[in-house]
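Here's a quick briefing to read alongside the model.

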Number of protein chains: 2
Amino acid sequence: MKVAFQGAKGAYSELAATQYFAKRVEALPVPEFADVFRAVAKGKCEFGVVPVENSLTGSIHQNFDLLLKHKLWICGEIKLRISHSLLVPQGTTLAKIKRVYSHPQALMQCHRYLKSLSRVEAIPYFDTAGSARYVAAMGAPDCAAIASRSAALHYDLKILKAGIEDNKENFTRFFVLSKQPKRSKGNTDKTSIVFALRDIPGALYRCLEVFSKAEIQIFKIESRPIPGRPWEYMFYVDIGEDISKAKTQKALECLKKVSTRLKVLGSYMQG
Amino acid sequence: MKVAFQGAKGAYSELAATQYFAKRVEALPVPEFADVFRAVAKGKCEFGVVPVENSLTGSIHQNFDLLLKHKLWICGEIKLRISHSLLVPQGTTLAKIKRVYSHPQALMQCHRYLKSLSRVEAIPYFDTAGSARYVAAMGAPDCAAIASRSAALHYDLKILKAGIEDNKENFTRFFVLSKQPKRSKGNTDKTSIVFALRDIPGALYRCLEVFSKAEIQIFKIESRPIPGRPWEYMFYVDIGEDISKAKTQKALECLKKVSTRLKVLGSYMQG
């Protein structure tokens, strides 16, 4: 069984996949988020894992847009604690480091730690694990990468310091994607939907009212622009109920009457 | 009168400022969005102009976070049609171009046009106008930049082709910031607020209900994570009413009871 993820070996997405599938799968790295969706859609991989939200920096909107574009099913949710490490080639010491490579968000999340190192230049790279691979390939004694502990193992780097993120409440939420609706594990108690508003007064309020009346919890709401229709939005909503439940079905019937372009993205167990 | 904007001379933010103030102001370029907020907060500039949303790519979240952090007032809104041009040093022809520099989002918004040019490499740069300045400084005959027409004038570049954006429904929305609440022009008919939810059932629904009951239109809702409180959010809401109106005041009194950390960001005339 194969799971596609974006990035290089040792990426946080790969850790998320390993956490969810308990190592029973082969994780396949692909270059772009769109490639994860394509690999699952074309049957190259049975599952895909993509990050959708970080507890400090917010949603990864590209993946919301891709959920709307592709006909895939969200069958699982993973919440992973993000802990960054400073990785260096064997033999390097802290005093030698002049340049630190990583994804801009990881650099930002370790801003305070990096400032504590004197005269170190932070250099943006495409992704965290990729920056570890790059630093390993260069082998320069004055370069370091910020990535996961797991990336150190993959690229034979030394963990000079672990847990260098400024804020420990750093979690990333991932979706597990499959081609067909499937229950991969546990009780599905969460459903993700997306819809647009009708041109009626209090449109958004009337959509949310549906769930309030059905006593269904709303976990998250995210708006994304509709290309070609300035200042109109698609709303991505996560609710606290399984799609197969009668009360969910009834609520969605009501939602259809007050919304447009309604699509169920999946039902899954809360991560 | 000075207006701070992020970027280089010829940036879309500068065009927005010029459109709003009708050239009656001096536009001051600063390197970062945070610098715009700081320049206004410290009184270096009377106004600041920052982009908050693009009709194709969505919100510029950094500026929402900065609105919460700084004690500034939104006193105006600008909607600017974004039209990109391909700019080259004098004497360059289309056939010579090998590299095109611009902000990643501008490159993405001209993806189709760039693909139509054979063997051209798209190279990300910090900002659009900055890329024009860079290409002008290099003066290499095989390099081009994607930026505004106005950037061509600033850096003595030739407009090889105008209107190269793939989607013409490309608008950016800007906020005009001031230190004190002020009515710079027109009738204020829009108010921006931000709040967090209380831990009560149907919390978000109950917040939006306030506006529905008052018959106040909601234009936009945007959620941002609360750092240190995973999966909790601040909600930025734009409503269609002036803050000084009795019905707005009454609605906000009701909102206070069902929300927490409520802050009024400003009242302004719809752009």
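Which residues in α8(A) and α8(B) meet? They are A:Leu204, A:Tyr205, A:Leu208, A:Glu209 and A:Ser212 on one helix, and B:Leu204, B:Tyr205, B:Leu208, B:Glu209 and B:Ser212 on the other. Contact here means heavy atoms within 4.5 Å. Helices (H or I, at least four residues) and strands (E, at least two) are DSSP runs, numbered from the N terminus.

Some ground rules: this is a predicted model, where local features need pLDDT of at least 70 and side-chain atom pairs count only at pLDDT 80 or more, while totals for chains, interfaces and linings use all residues. Residues are numbered from 1 along each chain as its sequence is written, chains are lettered from A in the order in which they are written, and side-chain values use heavy atoms, with hydrogens and water left out.

**How the two chains sit together**

**The α8 pair**

- Helix α8 (residues 203-213) of chain A packs on helix α8 (residues 203-213) of chain B at about 140 degrees, with the axes 9 Å apart; axes are lines fitted to C-alpha atoms, for helices over the stretch in contact, and angles run from 0 to 180 degrees between N-to-C directions.
- That makes α8(A) oblique to α8(B) (under 35 degrees counts as roughly parallel, over 145 as roughly antiparallel, 65 to 115 as roughly perpendicular, and the rest as oblique).
- By class, the contact of α8(A) with α8(B) has six nonpolar, two polar and two charged residues (Ala, Val, Leu, Ile, Met, Phe, Trp, Tyr, Cys and Pro count as nonpolar, Asp, Glu, Lys and Arg as charged, and the others, Gly among them, as polar).

**The four-stranded sheet in chain B**

- Its strands form an open sheet in the order β13-β14-β12-β15, with antiparallel pairing; two strands pair if DSSP finds at least two bridges between them.
- β13 (218-225) and β15 (259-268) of chain B stand at the edges with a single partner strand each, so one side of each has no neighbour in the sheet.
- Seven bridges join β13(B) to β14 (residues 233-239) of chain B, and B:Pro225 has B:Tyr233 as its bridge partner.
- Helix α3 (residues 61-69) of chain B lies across β12 (190-197), β13, β14 and β15 of chain B, at about 85 degrees to β13(B).

**The five-stranded sheet in chain B**

- This one is an open sheet too, ordered β8-β7-β9-β6-β10, and the pairing is mixed.
- β6 (residues 85-89) and β9 (residues 143-147) of chain B pair in the antiparallel sense over three bridges, and B:Leu86 stands opposite B:Ile146 in β9(B).
- Helix α6 (residues 128-138) of chain B lies across β6, β7 (99-102), β9 and β10 of chain B, running at about 155 degrees to β9(B).

**α2 against α3 in chain B**

- Helix α2 (residues 33-41) of chain B and α3(B) pack at about 30 degrees, with axes 10 Å apart.
- That makes α2(B) roughly parallel to α3(B).
- B:Phe33, B:Ala34 and B:Phe37 in α2(B) meet B:Gln62, B:Asn63, B:Leu66 and B:Leu67 in α3(B).
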